Amino acid sequence: MSVLVYAESPMGKFKKAAYEALSYGKKVAEALQTDCFALVLGNADNAADLGLFGAQKVIQIKNAALESFDAAVYAAAISEAVKSIGADTVVLSHSSTGKAIAGRIAVRLGAGLVSGVNSLPTSVQPFSVQKSVFSGKAIAEYSFETSIRVISLLGNAFPPQKTGAPAPVETMEVVLPASKVKVLETKRVEGTVPLPEAEIVVSAGRGMKDPSNWGMIEEMAKILGATTACSRPVADAHWRPHHEHVGQTGLAIRPNLYIAIGISGAIQHLAGVNNSKVIVVINKDPEAPFFKAADYGVVGDLFEIVPKLNEALKQFKASAH
Ligand code: FAD
């Protein structure tokens with residue numbers, strides 16, 4: 001029995017989420033008094049460095065079928081690795097990739113699945129984990145009754161911990177099904193940290209009045225090294241691209257800092273952002289529901305406040321150097 005952590009390596013590079021999953025898997029393995037292994041699919045730079053975050057060994061599957069992402073093929077590869085090493089706990093990131101494959105892995109292995117876990121198991125006998133439910137208004141605890149369990153870990157819920165040393169990398173050969181999908185084109189958003197990984201997010205809503213006013217939001221994001229987001233009506237009106245839409249029907253994020261500008265804070269919006277560590281709200285309506293979820297609030301006209309805040313942030317940054 002062991003813990004197997006799938007470390008995502010899009011374009012051959014590990015992202016923070018992979019290190020978080022590994023550090024989490026290492027702690028789970030310690031609680032279960034067993035080994036923690038990392039699994040890499042396809043090529044990846046510095047696979048041995050996964051040892052720094054807790055992997056005792058890195059298993060790498062290289063196969064032409066893994067060159068472009070197909071959830072069915074990736075799930076088959078992970079399931080084969082689980083069977084081959086006899087793992088009983090599978091940890092992966094609750095990313096778009098993780099969401100697409102976790103259920104498939106569980107079905108293939110006859111395993112229980114809890115997705116979007118945000119903390120270490122509360123007990124290992126029975127094996128129980130927690131996740132937040134009802135848009136973050138409650139915490140549910142799940143106990144596994146299956147011999148194999150699959151857990152997907154929410155981003156930014158468990159910090160990466162560098163505690164080990166580079167680990168040996170072993171190649172595993174598996175027979176994989178042929179992909180039934182063909183990727184014709186991939187368009188990547190360049191230049192900014194993708195929203196699910198962003199530590200700081202500057203988000204704006206319909207209070208901005210017009211898409212031409214977004215310059216001040218982009219400026220704030222640039223000063224803070226943040227990623228921009230928006231409310232749903234803003235994306236629906238094509239003021240901003242749909243990949244920026246956060247909330248119940250958009251992305252669920254949990255950055256360290258979420259700055260909400262001209263957003264009312266409807267429950268459907270909060271569902272995607274209320275796990276942020278610190279929330280700052282700027283809204284002219286003191287009764288805006290967002291203030292109830294805010295750690296810091298500014299009541300006032302965003303068209304006055306945001307430019308002043310940007311100037312103050314610039315000065316602060318300049319004085320800090
Ligand atoms: P508004 O509600 O119009 O609020 C604008 C805010 O800006 C107001 O609070 C106002 O006081 C403030 N404001 C205006 N002018 C200024 C100014 N000059 N200075 C400062 N503040 C100002 N919404 C999402 O965001 N994400 C979702 O995933 C989502 N999913 C949904 C799913 C369903 C099934 C449904 C029914 C709705 C969903 N919605 C979602 C929509 C949601 O209910 C709200 O309608 C939406 O979040 C409101 O967006 P908003 O706050 O930008 O706009």
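A pocket is an open set of points, on a 1 Å grid over the protein atoms alone where a 1.4 Å probe fits, with protein on both sides within 12 Å along at least five of seven lines. The second largest pocket here holds about 450 Å³ of space, a volume being the space filled by probe spheres set on the grid points, which are joined across faces, edges and corners. This is a predicted model, in which local features need pLDDT of at least 70, side-chain atom pairs count only at pLDDT 80 or more, and totals for chains, interfaces and linings use all residues. Residues are numbered from 1 along each chain as its sequence is written, and side-chain values use heavy atoms, with hydrogens and water left out.

**Second largest pocket**
- The pocket is lined by 28 residues, and Gly205, Arg206, Gly262, Ile263 and Ser264 are the closest to its centre; a lining residue has an atom within 4 Å of a point.
- At least two lining residues each come from helix H5 (232-236), helix H6 (267-273), strand S14 (278-283) and helix H8 (302-320); helices (H or I, at least four residues) and strands (E, at least two) are DSSP runs numbered from the N terminus.
- The lining has 8 nonpolar, 14 polar and 6 charged residues, where Asp, Glu, Lys and Arg count as charged, Ala, Val, Leu, Ile, Met, Phe, Trp, Tyr, Cys and Pro as nonpolar, and the others, Gly among them, as polar.

**Helix H4**
- In H4 (residues 215-224), Met216, Ile217, Met220, Ala221 and Ile223 are buried, that is, under 20% relative accessible area with a 1.4 Å probe and protein chains only.
- These buried residues line one face of the helix, because they fall within an arc of 165 degrees seen down the axis of H4; the arc is that of the directions from the helix axis to the C-beta atoms.
- They pack against strand S11 (200-204), strand S12 (227-230), strand S13 (257-261) and H8.

**Phe127**
- Phe127 lies in strand S7 (residues 127-133) and is buried, with a relative accessible area of 2%.
- Beyond four places in sequence, Phe127 touches residues including Val28, Leu32, Tyr142 and Phe144; contact means heavy atoms within 4.5 Å.

Key
Buried means under 20% relative accessible area, exposed over 50%, partly exposed in between (1.4 Å probe, protein chains only).
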